[in-house]
Amino acid sequence: TPPLPRPLLEPLHHLTMLICFASLSRERAAARRTLHRVTGRNGLALLRLANLTSREDFRKKAEETLKYFAGTIARGTAAYPYHLCAFEALVGPSQEIVIAGASPAMLREVRKRYLPNAILAVPGNAKLFPVTEGRTPIDGKPAAYVCSNGACKLPARTVEDLAKQLD
């Protein structure tokens, strides 16, 4: 086949360059979105770990992550759902729920609600998870401890009592 004449070749070359540039731009944008998604999830996970383990270094690292992305988030809030959830968890009220004793009914009662800033724990290693320290079944029966921002209500002994505390 004969080579294409130069007047046709040049626009084709520019079109090819444009397509390559657009493709690279899409890839960069996708990489940027992935980075933001991962850092947003990490910030949220760090805040939950901070509440569960009482580790301030986790909370500070989550704060630093959110501060780093603050300007970007302010320009396009709908594009950063995990960052917004992490920010809400950072400044909003926190809730700790500890179910002491085997109670599938109490666990179901908690899990059927939308509690984005709550952590749910079962007693185990109090050294690793201080939020569970001192939370034990009462008279051999399961009990639920509901705390908001570190202040705990009386232990709930029934599913109905737990439902009232969560509402």
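Helices (H or I, at least four residues) and strands (E, at least two) are DSSP runs, numbered from the N terminus. This is a predicted model, in which local features need pLDDT of at least 70 and side-chain atom pairs count only at pLDDT 80 or more, while totals for chains, interfaces and linings use all residues. Residues are numbered from 1 along each chain as its sequence is written, and side-chain values use heavy atoms, with hydrogens and water left out.

**The chain as a whole**

- Of the 167 residues in the protein chain, 33% are buried; buried means under 20% relative accessible area, exposed over 50%, and partly exposed in between (1.4 Å probe, protein chains only).
- The protein chain exposes about 11,100 Å², of which carbon and sulfur atoms supply 62%; accessible areas come from the Shrake-Rupley method with a 1.4 Å probe, and for residues only the protein chains shown count as cover.
- Among contacts (heavy atoms within 4.5 Å) with a separation of 6 or more in the protein chain, 56% link residues 24 or more positions apart.

**Helices α2 and α3**

- The axes of helix α2 (residues 56–75) and helix α3 (residues 81–91) come within 10 Å and cross at roughly 130°; axes are lines fitted to C-alpha atoms, for helices over the stretch in contact, and angles run from 0 to 180 degrees between N-to-C directions.
- The two helices, α2 and α3, are therefore oblique to each other; angles under 35 degrees count as roughly parallel, over 145 as roughly antiparallel, 65 to 115 as roughly perpendicular and the rest as oblique.
- From α2, the residues Arg59, Glu63, Leu66, Phe69 and Ile73 meet His83, Leu84, Ala86, Phe87 and Leu90 of α3.

**Helix α5**

- Leu162, Ala163, Gln165 and Leu166 are buried in helix α5, which spans residues 159–166.
- These residues lie on the same side of α5 because they cover an arc of only 165° around the axis, the arc being that of the directions from the helix axis to the C-beta atoms.
- The packing partners of the buried α5 residues are β1 (95–100), α4 (104–111) and β3 (143–148).
- Glu160 and Lys164 are exposed on the other side of α5.
- Glu160 counts as exposed because its relative accessibility is 53%.
- Between Glu160 and Met106, the C-alpha to C-alpha distance is 9.0 Å, and the two are 54 residues apart in sequence.
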